[in-house]
Amino acid sequence: MDTVWKHCKGWLFRLFPHHLVSRVTFWVTRLQTPLKNPAIRMFVRAFDVDMQEARHAHPEDYASFDDFFTRQLIPGARPIAPGSDVIVSPADGRISQIADYASHRAIQAKGRRFSMRALLGGACEYGRLCERGKFATIYLSPRNYHRVHMPMDGVLKEMVYVPGRLFSVAPYSAEVVENLYTRNERVISIFETELGWMAVVMVGAVNVAAIELTWEGMVTPAKNRTLQRKKYSGLKLNKGDELGIFHMGSTAIVAFESLAVEWHPDLRKQQPVKMGQLLGRSGITRPPAPEVY
């Protein structure tokens, strides 16, 4: 019965006016009104948000609900795992998948795969990144910190905006919506690292009012919903540097072309992680156990 209900929700979302609802969310969450204070309090209680780690702990400190949702944290709230060979989680959330991919096919959920080539916008200018490598998918729930950071040092080479639908990216959607991540709107950042090419993909979803990049500003909602590419040179970001912001929640995917990346063997699907937590190392088969949150 549970499976039937998941498939029903998946079909209903095909008829849902994704972009219209998300644009309404964009407008409503930016209203500067006294109603935002009780709305924030209700949200904090409903999703058990830890406001002790937020830079501003009280609803009155935020200009709007969006200002609260994209809140910054107090210094030291997310320690970055040390080591030049260490790869860290780009975001708070739960691990949807953490695995290898080959023949450009990566695991979306049990029984479903998606094309890494399609995820990255159809271009294969990045060595073997589109064909094979290592990837991790992090699902951000409403309670999480919604800023995305660098998994390791890298030099930005290209940003790609890919238009698409805004299906929910909740776990049930990954199970029932075919090619979920390649059908949804997304923003891709390509970096050159010591391990070769790395992609960080911020996937849009229903009620994701906007995706923002630190160096570019708001990328979505896009005025021109067509595939867009922008090249860069010389912009270096260090491990742990802020990369972008989800204005409402979604999913982040990090992919490496290097097979030398070794994900920590104790990490499992649906395991909670926090930004800066050790995910793996370059070429080390048994890294130290990650801290449990």
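**Figure 1. Surroundings of Phe 256 in the predicted model.** Setting aside residues up to four places away in sequence, Phe 256 touches Ile 87, Tyr 101, Leu 129, Arg 132, Gly 133, Lys 134, Met 152, Leu 195, Trp 197, Met 198, Val 261 and Trp 263. Phe 256 also belongs to the largest nonpolar core, which has 36 residues. Within this core, the residues that touch the most other members are Phe 191, Met 198, Leu 213, Trp 215, Leu 243, Phe 256 and Trp 263.

**Figure 2. Ser 258 in the loop between β14 and β15.** Strand β14 covers residues 251-256 and strand β15 covers residues 261-263; Ser 258 lies in the loop between them. Because its relative accessible area is 12%, below the 20% limit, Ser 258 is classed as buried. Apart from residues up to four places away in sequence, Ser 258 touches Arg 132, Lys 134 and Leu 195.

**Figure 3. The open sheet of eight strands.** The strands follow the order β12-β7-β8-β9-β14-β5-β2-β16, and their pairing is antiparallel. The edges are formed by β12 (228-237) and β16 (272-273), each of which pairs on one side only. In general, the strands of a sheet pair through backbone hydrogen bonds. Strands β2 and β16 are joined in the antiparallel sense over two bridges. At this pairing, Arg 94 stands opposite Pro 272 in β16.

**Figure 4. Ile 98 in strand β2.** Strand β2 spans residues 93-101 and includes Ile 98. Ile 98 counts as buried because its relative accessibility is 16%. With its neighbours within four places in sequence left aside, Ile 98 is in contact with Phe 135, Ala 136, Trp 263 and Leu 267. Between Ile 98 and Leu 279 the separation is 181 residues in sequence, while their C-alpha atoms are 9.2 Å apart in space.

**Figure 5. A nonpolar patch on the surface.** The patch is formed by Trp 27, Val 28 and Leu 31, which together have about 300 Å² of accessible area. Of these residues, Val 28 is found in helix α2, which comprises residues 18-28. Val 28 counts as partly exposed because its relative accessibility is 41%, a value in the range between the 20% limit for buried and the 50% limit for exposed residues.

Technical notes: Residues numbered from 1 in each chain as written. Predicted model: local features only at pLDDT ≥ 70, side-chain atom pairs only at ≥ 80, totals over all residues. Heavy atoms only, no water. Helix = DSSP H or I, 4+ residues; strand = E, 2+ residues; numbered from the N terminus. Buried < 20%, exposed > 50% of the residue type's maximum accessible area, 1.4 Å probe, protein only. Contact = heavy atoms within 4.5 Å. Patch = residues over 30% accessible without salt bridge, like charges linked within 9 Å, V, L, I, M, F, W, Y side chains within 5 Å. Areas by Shrake-Rupley, 256 points an atom, 1.4 Å probe, with all protein chains shown as cover. Salt bridge = Lys/Arg side-chain N within 4 Å of Asp/Glu carboxyl O. Core = buried A, V, L, I, M, F, W, Y, C linked by side-chain atoms within 4.5 Å. Pairing = 2+ DSSP bridges.
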